[in-house]
Amino acid sequence: MSDFKDQTLLVTGASGHFGRLAVDELLARGATKLVAGTRDTAKLADLAAKGVKVVALDFDDKASLASAFAGVDRVLMISTDTVGRRIEQQRAAVAAAEAAGVKHVVYTSAPTPRPNPEGGAGIEHFWTEQALAASGMDWTLLRNHLYTDFIVSMSAAPALASGQWFDATGGRARAYVTRLDTARTAAGALLQAEGRTIYDVTGPAAVTQEEVAALLAAAAGKPITRVGLTAEQLKGGLVAAHVPASMAELLVAFDTDAAAGFHDIVMDTVERFSGRAPQSVASYIAENAAALKA
């Protein structure tokens, strides 16, 4: 692979969890002309002190996009957190990058993005990918699978409290991957990827929700039983638990995609671009056993 560490590299959303991890990895791997874009530059004062160029970058502000992309060779475009508005925002970012002469965009997408009448965020990633494909730039699409981190940070507490793990995956497996592994992979792709390529970014193995429940139970020392539901039942349960309807639809869409087999994919992308083997679900849960027991 080529190494573009001496070209001007821009990371969007650099003050977010993913962006900070990617910037740290780029610095560790010797990037010499690194630009960190954020809506609030004060949040990146520590990076500026390390010699990183910090710029104001707001996907809703076309002037800031043009300014931030000026003179940049390669961009890590991290999908925004504004579900429902991403298409307009990210199309604007792609257009600004092309107008500024950016050579290559690495974009953080999701598994099997497509127009989906059943909902989910895939359509936003689909149209962003289409915008990149229609541009004159080279690009790398990193289709990040569901974060392992969410098992511990979002799903474990209610499962441990109730003793039940609910899902609508139909028993199909999912190749969870940690946020750290995806961020390191994105940094590596920004440094090395060429051409127009698509990669699924996965953990080392796909696991079922029954296996996840068993791993959580063992780590926490509490019984958890996996309960399979239909998509309608899962959505009803989430809404009854006061999850906003839009978020409930998004969570259910993740499970229906898994049930369709879209998440049961394992690739070596993490190792290819990060130089490290991805962390397994079992390892991550064991690493967080103390927090689960608490």
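Begin by selecting threonine 112, which is found in the loop between β5 (104–109) and α5 (122–134); helices (H or I, at least four residues) and strands (E, at least two) are DSSP runs, numbered from the N terminus. The phi of threonine 112 is near 45°, a positive value in a residue other than glycine. Most residues other than glycine have a negative phi. Because its relative accessibility is 25%, threonine 112 counts as partly exposed, where buried means under 20% relative accessible area, exposed over 50%, and partly exposed in between (1.4 Å probe, protein chains only).

Before going on, please note that this is a predicted model, in which local features need pLDDT of at least 70 and side-chain atom pairs count only at pLDDT 80 or more, while totals for chains, interfaces and linings use all residues. Residues are numbered from 1 along each chain as its sequence is written, and side-chain values use heavy atoms, with hydrogens and water left out.

Select next histidine 242, in the loop between α9 (231–240) and α10 (245–259). Histidine 242 also has a positive phi, about 70°, although it is not a glycine, and with 74% relative accessibility it counts as exposed.

Now turn to the sheet. Seven strands form an open sheet in the order β3-β2-β1-β4-β5-β6-β8, with parallel pairing; two strands pair if DSSP finds at least two bridges between them. The edge strands, each of which pairs on one side only, are β3 and β8. From one strand to the next the twist averages 15°, and for such angles the axes are lines fitted to C-alpha atoms, for helices over the stretch in contact, with angles running from 0 to 180 degrees between N-to-C directions.

Select strand β2 (residues 33–38), where five of the six residues are buried. Strand β1 (residues 8–11) pairs with β2 in the parallel sense over four bridges, and leucine 10 stands opposite valine 35 in β2. Strand β3 (residues 53–56) likewise pairs with β2 in the parallel sense over four bridges; here glycine 37 stands opposite valine 55, and threonine 38 has alanine 56 as its bridge partner.

For the helices, select α5, which lies across β4, β5, β6 (138–144) and β8, running at about 170° to β5. Helix α3 (residues 62–69) lies across β1, β3 and β4 (74–77), at about 160° to β3.

Finish with the aromatic rings, where the structure holds three aromatic pairs. Phenylalanine 126 and tryptophan 127 form an edge-to-face pair, 4.9 Å centre to centre with 80° between the planes; rings of Phe, Tyr and Trp (its six-membered ring) pair if their centres lie within 6.5 Å, and planes under 30 degrees apart count as stacked, over 60 as edge-to-face and the rest as tilted. Tyrosine 147 and phenylalanine 150 have ring centres 5.3 Å apart and planes at 55°, so this pair is tilted.

Terms used:
Contact means heavy atoms within 4.5 Å.
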